[in-house]
Amino acid sequence: MPAPLSHDAFFSSLSDLLTKTSQQSRGSVTLTQKPLLNPTPDSSSKPSILIRATDGNTNAPNPKTHKVEKKKQSSKVKLSTVAAPEELDAFYARYAEVCKAGMTGLKKRDRKKGKAKAKGGAAKGAKA
Amino acid sequence: MPLLPTSHAYLEQSALLLQAYPDTTRMTTKYNFPSTRPSNTSRKQKSKLASSSAPTATTTTSTTPQTPTTPLAYLTLKTYNPTTGICLKYRTNKAAEVGRLITSLGKLAAGASVAELGLSNPVPAAPAAADVEMADAPEDASAGASTPVVPAAAAAAPPKGDAGGKGGKGKKKGGKGRR
């Protein structure tokens with residue numbers, strides 16, 4: 001795992017990654033968040049949050065296994081950044097914006113009208 | 001690995017899990033497009049064929065996947081605690097939910113409790129009321145706020161309706177998975 005990026009670099013890279021995935025209409029982007037624990041237990045302060053983003057590029061060469069297929073694939077994208085507890089609000093506000101802007105493959109709100117005929121199952125469409 | 005029916009239920013349960021294990025619980029958000037590889041689709045069709053064991057021609061025509069020009073992506077939220085093995089999931093494909101969900105993730109990351117999440121619904125006192133709430137969230141939100149007696153009574157009265165609601169949800173889930 002490369003070193004954590006700054007917030008700006010992380011967001012721009014994440015934006016690129018999401019946009020690319022949405023344009024290709026395939027693949028996935030996985031975002032993980034978990035507390036970054038200090039080796040020295042300090043219960044008084046809240047831990048920083050480590051945020052990771054990756055595309056699930058399983059075609060990227062895995063050094064552990066044989067190189068079965070040598071496709072000309074870009075390597076796996078891995079991004080990470082650390083948000084301190086006091087800057088979480090600002091971070092997540094930007095994070096939400098980036099995600100909203102990038103995740104264009106999701107169902108839009110105004111597609112509701114044509115949903116019944118777009119989806120095959122009539123019963124399903126009526127229920128959902 | 002329960003797939004929770006509403007984002008509200010997911011966030012509530014996640015908040016509880018994070019409260020219980022704040023250090024080891026992680027939250028994952030996956031944005032993905034369903035795989036469209038031919039091998040995958042054929043496998044699905046094969047399994048469908050095997051389960052239905054109907055003549056080939058008719059089933060293939062009926063189960064031919066509706067191929068929209070642009071496949072819809074899914075957003076899957078997962079809260080996982082490796083030490084206890086507890087995993088909570090929520091899946092959606094609505095773009096309108098993204099902003100709210102990410103903001104909630106931020107609140108959870110900051111260690112917000114269930115009450116601090118700022119969800120519209122008050123935390124239900126009785127578990128029976130929770131069931132009703134999931135089936136009909138907006139109505140119960142107002143009912144629960146004004147007269148807390150009403151949802152409890154409603155829960156007690158139609159146990160059959162409750163079960164029916166659950167069945168419907170299950171069906172919906174299956175539909176999501178297939179699409």
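This is a predicted model: local features need pLDDT of at least 70, side-chain atom pairs count only at pLDDT 80 or more; totals for chains, interfaces and linings use all residues.
Residues are numbered from 1 along each chain as its sequence is written, and chains are lettered from A and ligands numbered from 1 in the order in which they are written.

**Around B:Asp23**

- You will find B:Asp23 in the loop between α1 (7-20) and β1 of chain B; helices (H or I, at least four residues) and strands (E, at least two) are DSSP runs, numbered from the N terminus.
- Setting aside neighbours within four places in sequence, B:Asp23 is in contact with A:Pro35 and A:Leu37 (contact means that C-beta atoms, placed from the backbone, lie within 7 Å).
- From B:Asp23 to B:Asn81 is 58 residues in sequence, and 9.3 Å in space from C-alpha to C-alpha.

**Where the chains meet**

- Chain A brings 37 residues to the contact and chain B brings 34.
- On the chain B side, β1, α4 (98-109) and α8 (159-178) each supply at least two residues.
- That side of chain B has 16 nonpolar, 13 polar and five charged residues (Ala, Val, Leu, Ile, Met, Phe, Trp, Tyr, Cys and Pro count as nonpolar, Asp, Glu, Lys and Arg as charged, and the others, Gly among them, as polar).

**Strand pairing**

- Strand β1 (residues 28-36) of chain A runs antiparallel to strand β1 (residues 26-32) of chain B, joined by six bridges (strands pair if DSSP finds at least two bridges between them).
- Across this pairing, A:Thr30 stands opposite B:Lys30, and A:Leu31 has B:Thr29 as its bridge partner.
- Within chain A, β1(A) also pairs with strand β2 (residues 48-55) in the antiparallel sense, over eight bridges.
- A:Pro35 has A:Ile49 in β2(A) as its bridge partner.

**Helix packing in chain A**

- Helices α1 (residues 7-24) and α2 (residues 88-102) of chain A pack at an angle of about 20 degrees, with their axes 8 Å apart.
- That makes α1(A) roughly parallel to α2(A) (angles under 35 degrees count as roughly parallel).
- Among the residues that meet here are A:Phe11 and A:Leu14 in α1(A), and A:Phe91 and A:Val98 in α2(A).
- The residues of this helix contact divide into six nonpolar, five polar and one charged.

Definitions and conventions
Axes are lines fitted to C-alpha atoms, for helices over the stretch in contact, and angles run from 0 to 180 degrees between N-to-C directions. Angles under 35 degrees count as roughly parallel, over 145 as roughly antiparallel, 65 to 115 as roughly perpendicular and the rest as oblique. Two residues are in contact if their C-beta atoms, placed from the backbone, lie within 7 Å.
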